[in-house]
Amino acid sequence: MPLDPMTLAILVLLVGVLCATVVCVVALCRAHRSDTVDVVRALSELVSVFTRFRRKKP
C-alpha cells in the first residue's frame with residue numbers, strides 16, 4: 001500500500017516533533033539544576049517579549 005504525499009508529510013512531521021521532544025528532555029535532564037532554572041526563566045521572558053512585540057504591530 002503506497003503512502004500518499006500528505007500522509008508521508010504528516011508522518012515526517014510527527015517523527016520530527018517526537019525527536020525534538022526527546023532531545024529537549026534529555027538536554028534538560030543532563031543539565032545542572034541552576035542551568036535548567038536559568039533556561040526556564042529565560043523562556044518566560046522571551047515569551048513576554050514576543051507577546052509585547054506582537055501587540056505593537058497594527
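Start by selecting V12, which sits in helix α1, the stretch covering residues 5-30. Keep in mind that you are looking at a predicted model. Is V12 buried or exposed? V12 is exposed, because its relative accessible area is 54% and the cut-off for exposed is over 50%.

How many residues does α1 have? The helix has 26 residues, and from its first C-alpha to its last α1 reaches 37 Å. That is close to the 38 Å expected at 1.5 Å a residue.

Move to the start of α1 and show the side chain of D4 along with the backbone of M6. Here a side-chain oxygen of D4 comes to within 3.2 Å of the backbone nitrogen of M6.

Then pick out two cysteines, C19 and C29. C19 is partly exposed, with a relative accessible area of 45%, while C29 counts as exposed at 63%. A disulfide is a covalent bond between the sulfur atoms of two cysteines. Searching the whole structure for disulfides turns up zero.

You will find two helices and zero strands. What share of the 58 residues is buried? Buried residues make up 0% of the chain.

Conventions
Residues are numbered from 1 along each chain as its sequence is written. This is a predicted model: local features need pLDDT of at least 70, side-chain atom pairs count only at pLDDT 80 or more; totals for chains, interfaces and linings use all residues. Side-chain values use heavy atoms; hydrogens and water are left out. Helices (H or I, at least four residues) and strands (E, at least two) are DSSP runs, numbered from the N terminus. Buried means under 20% relative accessible area, exposed over 50%, partly exposed in between (1.4 Å probe, protein chains only). The expected span of a helix is 1.5 Å times one less than its number of residues. A polar contact is a pair of N or O atoms within 3.5 Å; within protein, one must be able to donate a hydrogen and the other to accept it, and residues adjacent in sequence count only if both atoms are side-chain atoms. A disulfide is a pair of cysteine sulfur atoms within 2.5 Å.
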